[in-house]
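Colleague: I would like to go through this model with you. Can we take it one question at a time?

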Amino acid sequence: MENARGKIPDFFKVYRPEYSFQRMLVPRAFLAQLDRPLPGEILLRRRNGWQWGVKVILEAQDAYFEDGWQEFVRDNLVEANDFMVFSHESPGVFRVVLYGHSAVEKKECAPPVEVGEGSEVQEHNSDGDKEKEEKEKEANEDEGRSKRSKKKGNVRDRKTANDNHVDVKRYIDAKNPYFVMIHTPRSSGLYVPSRVLINYELKLPRAVEFQDPTGRTWRGTVKMWKDGRTWISGWGALCHHNNLKKNDRCICELPEENGVTGRIIKVHIIEGNNST
């Protein structure tokens, strides 16, 4: 089978976690069809337009999809023996179609939703209903104060939101930029709202550190999509360690350190209503 360009054939892989969870080997026969080596970083794109940046590692005659590949697998709920078809749309861009055990194309998943002051809700369609987006933004910015009881010291700074809204200013230094993310089970990448970067005139460094309420840190890598959206890989490790559940809220605070804002991202965790 060939892609829409009619020159470079598609290739497929059957997902086997024991071989392809950390990284995925690209078939040599496919590489032989290219007129130039794969670039150091490529995009994996689904039909709905969402895409993932993935680093390409070249070893002798082989090429592997590596850094960012695990995020793609987690975000798309790829399971053992799923059938993945890769179409080379343009240099450095692959469209990926997934088929499950039923041999039917799998439903596409949405990345995490972000809300909060200075942020914007990310929609599947960037040309979607702007009025709806503005109403959602206003509703999130009108959040009231939550009930008191803030723990001190090294005790985990994790509160229960339930039906009460979160008073963000109780958790952060008011002078620092921040945004709020509502966790979903597939939150392996942290999406940074563009309005936060614009309003605070921020340019994030490529390498950052996530810091949870206990002070433990995880490394992350900042990546930019072609459409301008910014996301950070490595987020899933913090979520897993802190056992985040659906609707938990994460206040992401960006303090200044040694003259650089955003190298450290302090994450304050507030338990959400997990019944929905």
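Modeller: Contact here means heavy atoms within 4.5 Å. Keep in mind that this is a predicted model.

Colleague: Which residues does Trp-69 touch, not counting residues up to four places away in sequence?

Modeller: Close sequence neighbours are set aside, up to four places away. Among the contacts of Trp-69 that remain are Leu-44, Val-54, Met-84 and Phe-86.

Colleague: Which residues touch the most other members of the largest nonpolar core?

Modeller: In soluble globular proteins, nonpolar side chains tend to be buried together. The largest nonpolar core here has 28 residues. Elements that each supply at least two of its residues include strand E2 (24–26), strand E3 (41–45) and H3. The residues touching the most other members are Met-24, Leu-44, Phe-65, Trp-69, Met-84, Phe-86 and Phe-94.

Colleague: How many residues are in the second, separate core?

Modeller: Its members include Met-181, Leu-197, Leu-238 and Cys-252. The count for this second core is 23 residues.

Colleague: Why is the pair of Trp-52 and Phe-72 called edge-to-face?

Modeller: A pair of aromatic rings is described by the distance of the centres and the angle of the planes. Planes over 60 degrees apart count as edge-to-face. The centres of Trp-52 and Phe-72 are 5.4 Å apart and their planes stand at 90 degrees, so the pair is edge-to-face.

Colleague: How many residues apart are Trp-52 and Phe-72?

Modeller: Trp-52 is in strand E4 (residues 51–59). Phe-72 is in helix H3 (residues 69–75). The pair links distant parts of the chain, 20 residues apart.

Colleague: Are Phe-210 and Trp-235 buried or exposed?

Modeller: These two rings form an edge-to-face pair, 5.3 Å centre to centre, with 70 degrees between the planes. Phe-210 lies in strand E12 (residues 207–211) and Trp-235 in helix H6 (residues 235–241), so the pair ties together parts that are 25 residues apart in sequence. Both Phe-210 and Trp-235 are buried.

Colleague: Which residues of strand E14 are buried on each side?

Modeller: In a regular strand the side chains alternate between the two faces of the sheet. Both faces of strand E14 (residues 230–233) are covered. One side has Thr-230 and Ile-232, and the other has Trp-231 and Ser-233.

Colleague: Which residue in E14 is the bridge partner of Met-224?

Modeller: Strand E13 (residues 217–224) and E14 run antiparallel, joined by four bridges. In this pairing, the partner of Met-224 is Thr-230.

Terms used
Residues are numbered from 1 along each chain as its sequence is written. This is a predicted model: local features need pLDDT of at least 70, side-chain atom pairs count only at pLDDT 80 or more; totals for chains, interfaces and linings use all residues. Side-chain values use heavy atoms; hydrogens and water are left out. Rings of Phe, Tyr and Trp (its six-membered ring) pair if their centres lie within 6.5 Å; planes under 30 degrees apart count as stacked, over 60 as edge-to-face and the rest as tilted. Buried means under 20% relative accessible area, exposed over 50%, partly exposed in between (1.4 Å probe, protein chains only). Two strands pair if DSSP finds at least two bridges between them. A nonpolar core is a set of buried Ala, Val, Leu, Ile, Met, Phe, Trp, Tyr and Cys residues joined through side-chain atoms within 4.5 Å.
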